[in-house]
Structures are given as structure tokens and as C-alpha cells.
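Colleague: I would like to learn how to read the cores, helices and sheets of a model like this one. Please take me through it feature by feature.

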Amino acid sequence: MAADSSTSLRTERGLTQQAFDCLLRWLDPDRDRAAKKYEDIRIRLTKVFEGRGCVNPEDLTDETIDRVASRLDDVAARYEGEPFLYFHGVARLIYLEYSRKRINPPQTSIATAPQEIEEKYDCLDECLSRLTPRNRELILLYYRHERRTKIDSRREIAQQLGVSPNALRIRAHRIKDVLGDCISECMRRRGGS
Amino acid sequence: MTDEVILRAYLLGDLAEDEHVRQEERLLTDKDYFERLLLVEDDLMDEYVSGLLAPAEREKVEKRFLLSPSRQAKIELAANLQRYASELPTAEPALRARRFLPVRASLVQRSPRASALLVWAAFLVVAVGVVVVVQLMMLTRRLDSLEGDKQAAARSATELSDKLGAQAARSDELARKLEQETERRTQLEEETANLKRLLSQPPGSNQSGLLALSLSPGRLRDGGPTRVIEISPAVRVLVLQLSIGANRYRSYRAVLRNDEGVVILAANNLRVAATSYQNYQDGKKIELRVPARLLRPGDYTILLSPANSQERTGTYYFTAKRQK
């Protein structure tokens, strides 16, 4: 899942450019490595909040980062250890605050309007055509399996492609990431959600 | 428990709190472990979409796992991929479709504008193809017809050429025969005139001994029958009348040679014979009188030329024979 680094420059929660720069320096003296670590922490924190069943994991992640950045002067002077674990500690506090505020668990619904369903399907078709032929072949073979023989068909597909089943899973995952981003962009162009 | 089992339990919320926290810490600090979580998450979503989850797991997915919008989007994608792949006939045709039909056929059903464009495009392609094929067939037929005409024309040309050649050969033959007949007629007329002269002389009188005959120029000895002159013992002088056509000179010179090139007789200052009816009929002539005793049996040539010029007016050939 790609992180949107532009949200790190939000000012509505008080994260200034200076604070952001300090945060990067705390993560790593090298700015490029620091930026990479920043993206990693965003993605993983979002997954942590998803694992807790939160409906807005990205917002909670941003809040976590903002709070860490706001305390950085104090943290940087006294904290010793893996920065990611510090983020985790703050995230747990934020989750507790979130869970106290949430009264009723929301209803899960992935139903969308029929027109939007059709548009997404069209976008999928368009995005599949943009894949390399090998990737297109792989992902369609990966999903073209009988329900009861899924594992067997993956082994067969992996053998056919000359890769391990785990490597096949990894490639399929990456292709789906690409397709997901492509479909989102396609829907934005069409004025969809 | 294996890592995948633990991660699956983590995703479904089946771990105790302290274990859940430990998993979170490991995910935040262990990159490989985190990526393995993403794969287990994918598998869980695929199983949910395929309907392979047990009811209890399905409930946990719907109540906890799918609360985030990003996971909902991933579930949608997995479901659409499964539907897309299942709508392809077979795996092999999917590859063929990829190669030859980059746009899914079902796109036609789902996008009216695109379907209309595709239909029109296909119609145009077919229409153009038909027109091209028909034109090619017509051109091929025309070409065959022209080829046939060309061959017929060539045959006609060959036939005409053969006919013309035959006509030309026939014309030459006729011209040669005409010339021979004319020559023969002249000979007969001369013989008739000589006989008349002989008959008109009284018996016992001294015959003049003249034998007159005409010669035409250009009669090569080898090109056809040479004029044969039979000289009887009574003939003492041959009067050779040499046809010269249009007379351009006042006088001529004639040289008589035998077949060895020896000059037998040379005569100068020969003039055109006096106009007479006979001369008028046969054209202008030069008379050359040759004593018969000079002519032994054999072939002879007369070269006629203007008196003061090297120009040759004509060459005359004859063969002399002696009658006994």
C-alpha cells in the first residue's frame, strides 16, 4: 500500500516543515534513508491500526507521527532504542483513545453503486492491458482457479512459470498493488471515488 | 505454530493481547515478517472472495478485517480479478486473447460508446477489405483478357508477316517471269523480222547477211537465261541494238569482250538510232555492228558508256552459237 507523503506536511495538526525535518534527522542522518524509513513507518503503522480493526487507520497513523514529531526534542534527547518501537508505543496510546471514543462498531459494507462497479471493472480491464504480457498472464492464471483447487493450481502455475509458490505469491501481490494504484487513478480520471 | 498461522490469527484478531502486541512490534521492526503478513493478508482476502472461509472466519473478516477502506478496495480488486479471469474461456484462449484482442470482448458489453466505435471500426475494416478483394478480382480478369488479346495480336502479326513475305516472293517471281516473257517476245519478233527479210529476197540473190537483235542491259549471265544468238553461216554482221532507256548523251562508246576479258571490238561515236516507229515502241537504242566472224561460240559482254565520260550506261550479255 503506497503511503501519501504529502500528508506529512499538513499544518492543521501543527507539523511544521522544521518539525518534519527534525523527525527525518531522528530517523536517519541520511535524508534519503530517513525518507524511506518514514514511508515504512507510515505503511506499517497503518497496518497495525488495521490489525486493530480501526475504520480510519491512515488518520490514526498521521496522528501518531504528528505526536511523535511534536515531542521530538524531548524524545531525541532521552530515548534510546529503535525509533519504530517508539512510534508503536505512541500508536497504542492513540488506539486506546480511539477505542474509548468509538461507541458502536461500524457496519462493514463493500457494496458500491452499480455504475461505480461497472466503472471499476472497466478500469480493471484498462489497467490489465497496461501490464506486461507476462504479468497479465500471471495474475489472470493466478485468479483463474477452481475454488477447491486453489492451492494445487498455484503450485501448478508456479511450476509452469519456473518459480516457487512463495515467489508466485509475492509477484501476484506486487501486481495487485500496481493494479490497485492504476484503478484508483483511473477512477479519479473518470470522476469516481 | 508457524509464522503464517500466527499471522492469520493476528489478522483475524484471534491472538491474546500480549501476543498481539508482540506481533505488532515484530511487524514494525522486521521487514521480511511484515511482507509475509501482506501475503497472508492477500490469501485471506482471496479465500474470502472465493467463499473458502469457514463461517466463523468469514464473520471475523467482515466484522474486523474489512473495516478499513483500503482492505475493502483490495477485496473488490480480488473479486473483480476472479470474475475477470473466470470469464475467459480457457487459460490458453486467455493468452490468445491477450495477443490478438488487447481489449476484452466484455468491454463491448459494458461500454456502449466503445462498443459502437468498435462495431463501426469492424464494419469499416470489413467493407474496405471487400472492396479491395473485388477490385483485385476485376483487375485480375482484365489482365487475363488483355493477355489473351496480346497473344492473339501477336499471332495475327506473325500470320500477316508470313503472308506479306509470301506475297513479296510471289511478286518477285512474277516480275522475273514478266521480264523473261518480254525478252522472249523481243527475240521472237526479231527472228520473225529476219525471216521476213530472208523470204523477201529473190532466190539466188546475194543475201545481206545481217542479223539484227536487241539486247537489254543488266542481264547478268549468272542471274538468269542469257540471250543466246545463233549465228548461221549466212550471217556476216550482227546488228546489236542496245537499249539505253533515256538518252542523255550525244554519242556513246561500246566495248565488246569475250568471256576471257579480251576486247573483241571497240566502237566510238555511236549515236542513238534514227527515230522509227519500232524505236519509239521499244525505247531508245544504240546500234553496234559486229562482224560475225569475230564471234566464236561463247559468252560475250558489251560495256556501253558515254563517249566522254567514265560513267557506265549499261552492261549487256549474250552467248554466241554457231549454226552448222
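Modeller: Start with the largest nonpolar core, which has 78 residues; those touching the most other members are A:Leu23, A:Trp26, A:Phe87, A:Leu128, A:Ile139 and A:Leu179. Helix α3 (residues 31-50) of chain B gives the most to this core, with nine residues. This is a predicted model, in which local features need pLDDT of at least 70 and side-chain atom pairs count only at pLDDT 80 or more, while totals for chains, interfaces and linings use all residues. Residues are numbered from 1 along each chain as its sequence is written, chains are lettered from A and ligands numbered from 1 in the order in which they are written, and side-chain values use heavy atoms, with hydrogens and water left out.

Colleague: What counts as a nonpolar core?

Modeller: In soluble globular proteins, nonpolar side chains tend to be buried together. A core here is a set of buried Ala, Val, Leu, Ile, Met, Phe, Trp, Tyr and Cys residues joined through side-chain atoms within 4.5 Å. Buried means under 20% relative accessible area, exposed over 50%, and partly exposed in between, with a 1.4 Å probe and protein chains only.

Colleague: Which residues is A:Trp26 in contact with, leaving aside its neighbours within four places in sequence?

Modeller: Contact means heavy atoms within 4.5 Å. On that basis A:Trp26 meets A:Val68, A:Leu72, A:Val75, A:Ala76, A:Tyr79, A:Pro83, A:Tyr86 and A:Phe87. A:Trp26 is also among the buried residues of α1(A), as are A:Leu23 and A:Leu27. The cover over the buried residues of α1(A) includes α2, α3, α4 and α5 of chain A.

Colleague: How many helices and strands does chain A have?

Modeller: Helices (H or I, at least four residues) and strands (E, at least two) are DSSP runs, numbered from the N terminus. Chain A has nine helices and zero strands. Buried residues make up 45% of its 193 residues. Among contacts in chain A with a separation of 6 or more, 62% join residues 24 or more positions apart.

Colleague: How should I read a single helix?

Modeller: An α-helix has 3.6 residues a turn, so residues three or four places apart point the same way. Take α3 (residues 57-70) of chain A: A:Leu60, A:Thr64 and A:Val68 are among its buried residues. They and the other buried residues of α3(A) pack against α1 (17-27), α2 (31-51), α4 (72-78) and α5 (83-101) of chain A.

Colleague: How many bridges join β1(B) to β3?

Modeller: Six, and the two strands run parallel. B:Leu211 stands opposite B:Leu238, and B:Leu215 has B:Leu242 as its bridge partner.

Colleague: Which pairs in chain B are antiparallel?

Modeller: One is β4 (residues 252-258) with β7 (residues 298-306), over seven bridges; there B:Arg253 stands opposite B:Ser305. Another is β7(B) with β8 (residues 314-322), also joined by seven bridges, where B:Gly298 stands opposite B:Ala320.

Technical notes:
Two strands pair if DSSP finds at least two bridges between them.
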